Amino acid sequence: MEIPSKYNPAEVEDKWYKYWMDQRFFHSVPDEREPYTIVIPPPNVTGVLHMGHMLNNTIQDILTRRARMLGKNACWVPGTDHASIATEAKVVAKLKDEGISKTDLTREEFLEHAWEWTHKHGGIILEQLKKLGASCDWDRTCFTMDEKRSESVIKVFVDLYKKDLIYRGVRMVNWDPAAKTALSDEEVIYKEQTGKLYYLKYKVEGEDDFAVVATTRPETIFGDVAVCVNPNDEKTARFRGKKLIVPIVNRVVPVIEDEYVDMEFGTGCLKVTPAHDVNDYMLGEKYQLESIDIFNDNGTLNEHGLHYDGKDRFDVRKEIEQELLDKDLMEKTEAYTNNVGCSERTGVPIEPKLSTQWFLKMEDLAKPALSAVMDDIIKFVPEKFKNTYRHWMENVRDWNISRQLWWGHQIPAYYLPNGTFVVAETAEKALELAQEKQPELKLEDLRQDEDCLDTWFSSWLWPISVFDGINNPENKEIQYYYPTNDLVTGPDIIFFWVARMIVSGYEYRQEPCFKNVYFTGIVRDKLGRKMSKQLGNSPDPLDLIANYGADGVRVGMMLCSPAGGDLLFDESLPQQGAGFVTKLWNSFRLIKGWDVDRTIPQPEHSKIAIEWFRQKFSQIVEQTDSHFDKFRISDALMNAYTAVRDEFSGWLLELVKPAYQQPIDGKTYAELIDIFDEVLRFIHPFMPFVSEEIWQYLKERKEGESIMISSWPKSTGYDAAFLQKFEDAKDVISGIRNIRTKNNIANKDSLELAVMPGDKGYNAELNAVVSKLGNLSAYTEVSEEVGGAGSFLVKSSTFFIPLGELVDVEEELKKLEEELKYTKGFLKSVMGKLSNERFVSGAPEAVVAKERAKQADAEAKIKVLEEQIAKLK
């Protein structure tokens, strides 16, 4: 086969992804192998690939591909989330562009539009993931609103209701006036905003006096039902037991006393609006005050707002300021900065609002889920997120699971004509329950609850429901694939999703739903800003793949991606990744360009080089396996990166490379091809496309063979002492190259090398290696210094290259003195450690021994350097 001179990512990626799909390598069915299961954090069905997805799914694919090569039955389940608020907002906007209002449609008509939108956009992000190389079992693709997942959600709701864990009640909720739905606390983002503090005059009934009340929200006075003061506050003592008149509204309200009021804030008088403030609501409950809801669902004022009826809350804030001034009901205003809760989805400020909602009791459900993480039954990586998780789970609130939306799982509660309700999985089952109360009822007499369930109420079941473990808890697949192994996600959804999945796992399987949770960082630009469409600082991932290839982008994403640490992304990273792909391709072309002569005996330098690389590679594989065990995936990639760039391409190929226009011996070539095969398998999880392309070229392959179903390399042991000797030999070669550079001696010109051996740094058994890469005509041992020579030290051994008149004594002295100064400084730092009793007595024995060895090496080197300097002077 003719090997292309340049690697073409687009052509290669399409070819091999189709081959993998055609061969069904991604597909998994239960068998006798150990399963490795990972479920995708389902992206929004209407979404497109962004940089966070790229990072998250690259990590998942690396883990999945490696597990497959380790002989496990790898199953990566893909899917999408129906994303009720986001999707409904997009459908409403689309209809608005077409001149259609949601309110003009029936629920069924609206859902037709929503399903049409979903079918049109729903597969986009999954198709984009294929471009990245994601080895998902696409046959298993799930959607949180497909039939099985929907059945699971409804079944769980009914079950929890029967267990008295779901209840319906009026509570203060976070209301999103743009989406017209309740939000959970976790869906509220607090943003610092500059506004005003308004000082309003509340006249004392029957007196020529007034109380001044400070508020940031003057439009809410229409819901005021009391003014509260602290009983210990002398400055408000004159208002105790009296009644005040609410400005503009002219409602007479009592003054109540409670230590809740902060005497230092504002004037010490607090307006109490139970329907629109969480803390006021608690005061209202305590003192049995009326709640007056002044807002419509869209954030406009209702009839309680009097002449502001129908106007937007923020327009009213501007207009009421002027009215209060005109009527001398406002003392003053001040600039004021505070944190305003905003909807995560629509961005608008939320409105605390009393609303009838459905809630799930969380206190008891949370207990086993908390213990699982704190006892490391489920491991968090990094561990720092355990404290975040613990704090939330120990202070967990009941989960508001209802949303005032149409797109989603409609709550399976059915209302009877008398206002009572029954909960059942279907309308027919609901009728049976209803007829137990009223036998004469018909199906059309029942009205299903209009609300739908919070999106997270479906995705919290994801690790179970993708294997149909709710509907069929004993089925073969859930028994085999569950618990899943690893979850890769962002810490921003630790409460929304991770915690709740753990809760559902213990409630419905009595065991953890996964074993490890790997939290990725946030992808930021080089200025540290989170990448977003709004800022315009986020590149299109598909453009990056088109420019640098999928492998280049994957490597770029992983080069600076520590677990839980933010990734500062710059386009130089995928560029570096693409350069690495090119390096690998060029190494392959170099090897394939050599002629092979099977009659030539194997040179000594090649024999040593092959033995060294096998041992070095074994060490690297061992280190990499350890990195994977600890989820240090970025470190694992760096190991693979340096193994290929430095050890394989930089040293091994240089050592075995035949002389110009000369053939390579057959034994070395065969061994090199076997080594390259192992190296390709080693980098395959990180760089699936280029590794497959080269692997297929490397040897004759049959149809159905693939690197992705070959074996991950095993560490077969290594001699650490031998590897250290080889590092010394590398230092000798570097020393020779430095002298060549300094003295402008061409690489093609051979040199003589003499060594005055010390106790370390010179290893005669590696002379063939040094001679080959140093291009030496002679390599001898001497017992005294060689005059007129360039010299360098490796540990306590001194090496000389005779240069005749080329040697610069002053330059040589300067170099030796600089090295002596550095070595003395190094020795000082080592002695600082060894003179510290706490270090010597407290550190492991091996660590102390290592420092003592450093001391001995430095002292020997200093002695040699001082002798050399004395002779040159």
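Student: In which sense do strand 18 and strand 20 pair?
Tutor: Antiparallel, over two bridges; strand 18 covers residues 413-415. Pairing needs at least two DSSP bridges between the strands. Strands are DSSP runs of E, at least two residues, and helices are runs of H or I, at least four, all numbered from the N terminus. Before we go on: this is a predicted model, where local features need pLDDT of at least 70, side-chain atom pairs count only at pLDDT 80 or more, and totals for chains, interfaces and linings use all residues. Residues are numbered from 1 along each chain as its sequence is written, and side-chain values use heavy atoms, leaving out hydrogens and water.
Student: Which residue stands opposite R447?
Tutor: Y415 does; R447 is in strand 20.
Student: What order do the three strands take in the sheet?
Tutor: The order is 19-18-20, in an open antiparallel sheet.
Student: What lies across strand 18 and strand 19?
Tutor: Helix 11, residues 427-437. Helix 11 runs at about 135° to strand 19. That angle is between N-to-C directions, from 0 to 180 degrees, with axes fitted to C-alpha atoms, for helices over the stretch in contact (heavy atoms within 4.5 Å).
Student: New topic. How many salt bridges does the structure hold?
Tutor: It holds 62. Each is a side-chain nitrogen of Lys or Arg within 4 Å of a carboxyl oxygen of Asp or Glu.
Student: What does D61 pair with?
Tutor: R65, with the closest N and O atoms 2.8 Å apart. They are four residues apart in helix 2, so about one helical turn separates them.
Student: Is D61 buried or exposed?
Tutor: D61 is buried because its relative accessibility is 0%. R65 is buried too, at 0%. Buried means under 20% relative accessible area, exposed over 50%, partly exposed in between (1.4 Å probe, protein chains only).
Student: And what about D364 and K367, how far apart are their closest N and O atoms?
Tutor: They are 3.2 Å apart, in a salt bridge. D364 is exposed at 54%, while K367 is partly exposed at 47%.
Student: Last one. Where does N475 lie?
Tutor: In the loop between helix 13 (462-465) and helix 14 (476-481). Its side chain reaches the backbone oxygen of N472 at 2.8 Å. The N475 side chain also reaches the backbone nitrogen of I478 at 3.0 Å.

Note on methods: A polar contact is a pair of N or O atoms within 3.5 Å; within protein, one must be able to donate a hydrogen and the other to accept it, and residues adjacent in sequence count only if both atoms are side-chain atoms.
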